[in-house]
Amino acid sequence: MIRFEKVTKRYRGTKRPALDGIDFEVERGEFVFLVGASGSGKSSCLRLMMREDIPSDGRVLVLGRDTRTLSDRRTPYFRRNIGTVFQDFRLLPTKTVSQNISFALKVIGRSRAFIKTAVPEALERVGLESMGKRMPHELSGGEQQRIAIARAIVNRPAVVLADEPTGNLDPTTSVEVMRVLESINAAGTTVVMATHEAGFVDQMQRRVIELSEGVLVRDEQRGSYGDTSAVRTLRPEAERGAAALAALTAAQEVQRETLTGLIPTPERDPEQEPEPEMQEAPQSDAAREDDGASETDRTTLPQIDVEVDELGMADRLGLADSHDDEVGPTS
Ligand code: ADP
Ligand code: MG
């Protein structure tokens, strides 16, 4: 599903590469923690997966696509299979919760029928079905992040990439967010989460890929955080312990719910490998309408009233034209 082959990333004007000969593979349905101190290269890794950037050397394959050979024109369609969550939520402050989520679907030309069912479904999956009419500022930080997760999953992506999603949250709230990501993974979505929070990683017993100064120093299937010396300074010991315990409880609850069928299991066949052509995430009938569209049709994006402060959003969704020259095939 995601494969890094000897990936090196050098940023212009820097001496040391941000990533140096990274190799790993993430399988469909995995939950992977990407850990390491600040500056170790976690965000760089995630940006390469989203094709916000391409490697200086080596190859990044996501959903069967080499991000280097993928054209800029195809990138927005590629990104529809990837949900993204960031530390700072990135909600549109002047739109309601529902509008924040439906906006993400409108910009990619989803039908009204699809939006009407998908938005409440996404809110339900993050446990905030009653919050649709609220404004983002009326919600707690944890709730705002859960809305951001609802937005990330509303188009039913195959992968969710989360860059320090709990970085702005207190331990208790972080647990709520972790729990939501766990349940999304339990329902079949691959999740890669960058974090430096040892509390979660220790207790979740998930795969851990650890970076140190751009080098992969550990890849453990059901590992826990290794060198926590950098992390200890981040929060008091007791608080970390409480968060870890709460995270573990939440994870166990999710596992139980999955086993008892409260959380639906994925429709797709886990054995099925991604096809060389772009793979679409499973979609409802309403969503399939536009799948038969030709490439030419697909390049015609719907006309939407996009306010200036929303352009950052459009860019994240792969709709803005401008790319800095780091982005896009260079050779
Ligand atoms: P992390 O997310 O683990 O904190 P990053 O991937 O953000 O790490 O950064 C890894 C290294 O690359 C750091 O040394 C950082 O300063 C550098 N870096 C990241 N982005 C850029 C950029 N756009 N230009 C130059 N250097 C960068
Ligand atoms: Mg980062």
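Predicted model: local features only at pLDDT ≥ 70, side-chain atom pairs only at ≥ 80, totals over all residues.
Lys 9 has Leu 19 in E2 as its bridge partner. That pair belongs to a stretch where strand E1 (residues 2-9) and E2 run antiparallel, linked over five bridges.

Strand E5 covers residues 65-66, and Asp 66 is part of it. Asp 66 has 14 other C-beta atoms within 10 Å, so it comes out as partly exposed. Leaving aside residues up to four places away in sequence, Asp 66 touches Arg 59 and Leu 61. Phe 4 is 62 residues away from Asp 66 in sequence, yet the two C-alpha atoms are 9.9 Å apart in space.

Stepping back, the protein holds twelve helices and ten strands. Of its 331 residues, 40% are buried. Counting contacts with a separation of 6 or more, 73% of them link residues 24 or more positions apart.

The other sheet to look at is an open one of six strands with mixed pairing, in the order E6-E7-E8-E3-E9-E10. Strand E6 (82-86) and strand E10 (215-220) stand at its edges with a single partner strand each, so one side of each has no neighbour in the sheet. From one strand to the next, the twist averages 15°.

Strand E3 (residues 31-35) and strand E8 (residues 190-195) are parallel, joined over five bridges. Val 32 stands opposite Val 192 in E8, and Leu 34 has Ala 194 in E8 as its bridge partner. E7 also pairs with E8 in the parallel sense, again over five bridges, with Val 159 opposite Thr 190. Six of the six residues of E8 are buried, so the strand is largely enclosed by the rest of the structure. Thr 190, Val 192 and Ala 194 point one way from E8, while Val 191, Met 193 and Thr 195 point the other way.

Helix H5 (residues 141-153) lies across E6 and strand E7 (159-163), at about 165° to E6. Helix H6 (residues 171-186) packs on the sheet too, touching E3, E7 and E8, and its direction makes about 155° with that of E8. Arg 90 turns up in the loop between E6 and helix H3 (97-106). Arg 90 has 15 C-beta neighbours inside 10 Å, so it counts as partly exposed.

Then there's the nonpolar interior. In soluble globular proteins, nonpolar side chains tend to be buried together. The largest nonpolar core here has 70 residues, and those with the most contacts inside it are Leu 34, Met 49 and Ala 150. Leu 34 has already come up as the bridge partner of Ala 194 in E8. Ala 150 touches Ile 101, Ala 122, Leu 123, Arg 125, Val 126 and Leu 128, not counting residues up to four places away in sequence.

Finally, the ligand. The residues surrounding ligand 1 are Tyr 11, Thr 14, Ala 18, Gly 36, Ser 38, Gly 39, Ser 40, Gly 41, Lys 42, Ser 43 and Ser 44.

Notes:
Residues numbered from 1 in each chain as written. Chains lettered and ligands numbered in written order. Core = buried A, V, L, I, M, F, W, Y, C linked by C-beta atoms within 7 Å. Buried ≥ 20, exposed ≤ 12 C-beta atoms within 10 Å, placed from the backbone. Contact = placed C-beta atoms within 7 Å. Near = placed C-beta within 6 Å. Helix = DSSP H or I, 4+ residues; strand = E, 2+ residues; numbered from the N terminus. Pairing = 2+ DSSP bridges. Axes fitted to C-alpha atoms, helices over the stretch in contact; angles between N-to-C directions.
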